Structures are given as structure tokens and as C-alpha cells.
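Please look at the model shown here. The report below covers backbone details, salt bridges, a surface patch and a pocket.

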Amino acid sequence: MNDNVIIRVNNTNSTNNLLRNYNGEKGTLTIATADYQTNGRGQGNNSWESEEGKNILYSILAYPNNLPANRQFVMLEAQALAIKEVMDNLLMPAKCYNDISDHNDISNHNTPITIKWPNDIYYHDKKLSGTLTECVIKGMRCHSCIIGTGININQTIFRSDAPNPISIKMITGRDYDRETLLQQLIDAFARQLDIINSGDYDCIHYRYIECLYRRQGIHKYMDGTGVISAELNDVTPSGRLRLRTTQGEIREYGFKEVKYI
């Protein structure tokens, strides 16, 4: 596998499903992209609304080198950082991210693009993108990973009951070439994967944490005990969120165990 392979279709039920059942030629990265998904989904039972031909819907099949199963969350972190990099450059084109060895190359730039744990990209308090990962584990290693992402690009009207969608066009008033952006997203993820393949998982992890939504300050959340006031303390390498309440208690959560208010 020496080169990337891109599979383009007009529509599919899910680009993740397409890659999961794909038996054709594969590359270093194998990418499936569609103009429309009939059954696009997010984490859990969430669905993903996307007007046909307006947004970027794609999945990446990757084979990380010797990635321990208990560090598979770093693949989601890598994709989140890649999307943030490309979206930041759309909003602040003068900023560049050439030195990927710098742990702070993204978080040092004061942009309104953040990563909402575990997988969403936010513009201020509105959702721009979501990602779903599916990893195959063999012998305590992550053998392969399918990373499916939807990014709101040129859509301006959202008809579902999603509470806070936004698109890049709604932010800037401009239309964007989706093919150009897709290539930038693939290239950005490939750079993050190079770091993972070097074994420097902490580089990705620390940058992810620094870019998190609500990284600073006390905010309200709801867990099984009710509404709490807390600050973001950490995200574990396995992807669990840690909050510190105003009483100093550390609480740890898996996905769907806590709600942002």
C-alpha cells in the first residue's frame, strides 16, 4: 500500500458501511466520499443531516503501525486535529501549520474553532462537524480504523431538530470547492497519522486537550446526579472525560454519561 485510494460515489447509505464492505484496491489511506448519505449517523443513535452536494461526507480507512488497543482513541483525536487545522485555515488563511512537531502548533492560535469532546468540531457554540470511529482490534493492537466524518460546508438551511448546526458558508458567506477541501483534510490527517505511526501518541493527545471546547472556566453539565458546575480537568488516553466540580471532586465519564448545558 503506497498511495491513497479515493472512492467517489453520488450516494450511499453510509461511507463507513461502504468502506467496511469494500473489497477493491486499497491504499495507504482508502477514502470513501459521497455527495449524499441516506443513513449517515453520528455517535450512538444520532443521525447526520446533510443536503445533497453541499457538504463533505467521507470516511478514511487507515492501518496504524503497532497502535495499542488501549490507545485507539488517538485516531479520533488525530482526525479532530486535522479538521480543526483545515477549518482554521479557511477562517484565518494567513495562519499556517507547517511545523507539526510543535505540540502547540494548533492550540497557540486563538481561533473560534474548538473540539467538543469526544468527536465534534465547534465554531463558538455551534456544531460544524462530527466524526465516528470504528476500530478492528487484533492481538491487543489496533489493526485498522474507519473514521467517518461529516463537515457542514456550503449548506445554509438545516431542517432537522439538531439544536445548533452551522456551516463554513454561514460563517463566511462564501461557497467552497469541496474537492479541494477534501484533499486538504486527507493530507492533514496523513500528517497526524505519521505522528501516531512514530509512536508519539502523547503529542496528538496533548494538542487535542489544548483545543477542547470549554477548555477554560467553570461550566454547567448534567450527569446521573443532576446538574453540576465543573471545569474540564482532563481526557484520559482511552477517551474518558474528567471534570473537576466546584467542590474539588474529580468525576470521570464515558460517552453519553454526561451532557453539556
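Arg-214 is buried, because its relative accessible area is 14% (buried means under 20% relative accessible area, exposed over 50%, partly exposed in between; 1.4 Å probe, protein chains only). Its phi is near 60 degrees, a positive value in a residue other than glycine. Arg-214 sits in the loop between helix H5 (201-210) and E8. Helices (H or I, at least four residues) and strands (E, at least two) are DSSP runs, numbered from the N terminus.

This is a predicted model, in which local features need pLDDT of at least 70, side-chain atom pairs count only at pLDDT 80 or more, and totals for chains, interfaces and linings use all residues. Residues are numbered from 1 along each chain as its sequence is written, and side-chain values use heavy atoms, with hydrogens and water left out.

**Other backbone features**

Lys-256 also has a positive phi, near 75 degrees, and is not glycine. Its place is the loop between strand E11 (250-253) and strand E12 (259-260). Lys-256 is exposed, because its relative accessibility is 53%. The peptide bond from Trp-117 to Pro-118 is cis, with omega near 0 degrees. Pro-118 lies in the loop between strand E4 (113-116) and strand E5 (120-123).

Ser-14 is in the loop between strand E1 (5-12) and helix H1 (15-20). At 8% relative accessibility, Ser-14 is buried. Ser-14 and Ala-34 are 20 residues apart in sequence, and their C-alpha atoms are 8.5 Å apart.

**Salt bridges**

The structure holds 15 salt bridges (a side-chain nitrogen of Lys or Arg within 4 Å of a carboxyl oxygen of Asp or Glu).

What does the pair of Arg-71 and Asp-202 tie together? Arg-71 lies in the loop between strand E3 (56-62) and H2, and Asp-202 in helix H5, so the pair ties together parts that are 131 residues apart in sequence. Arg-71 is buried at 14% relative accessible area. Asp-202 is partly exposed at 34%.

Asp-223 is in strand E8 and Arg-251 in strand E11, so this pair ties together parts 28 residues apart in sequence. Both Asp-223 and Arg-251 are buried.

Glu-257 is in the loop between E11 and E12, and Arg-240 in the loop between strand E9 (226-235) and strand E10 (241-245), 17 residues apart. Glu-257 is partly exposed at 41% relative accessibility. Arg-240 is partly exposed at 29%. Salt bridges that share partners join Arg-240, Arg-242, Glu-252 and Glu-257 into one network.

**Surface patch**

Met-222 is found in strand E8 (residues 219-223). Met-222 counts as partly exposed, at 38% relative accessibility. With Val-227 and Ile-261, Met-222 forms a nonpolar patch on the surface, and together they have about 260 Å² of accessible area.

**Second largest pocket**

The second largest pocket has a volume of about 270 Å³. It is lined by 16 residues, of which Phe-73, Leu-76, Thr-133, Ser-238 and Gly-239 lie nearest its centre. Helix H2 (73-91) and strand E6 (126-138) are the elements that give two or more residues to this lining. The largest share, three residues, comes from E6.

Methods. On a 1 Å grid over the protein atoms alone, a cavity is a set of points where a 1.4 Å probe fits but cannot get out, and a pocket is an open set with protein on both sides within 12 Å along at least five of seven lines; lining residues have an atom within 4 Å of a point. Grid points are joined across faces, edges and corners, and a volume is the space filled by probe spheres set on the points. Patches are made of residues with over 30% relative accessible area and no salt bridge: like charges are joined within 9 Å, nonpolar side chains (Val, Leu, Ile, Met, Phe, Trp, Tyr) within 5 Å. Accessible areas come from the Shrake-Rupley method with a 1.4 Å probe; for residues, only the protein chains shown count as cover.
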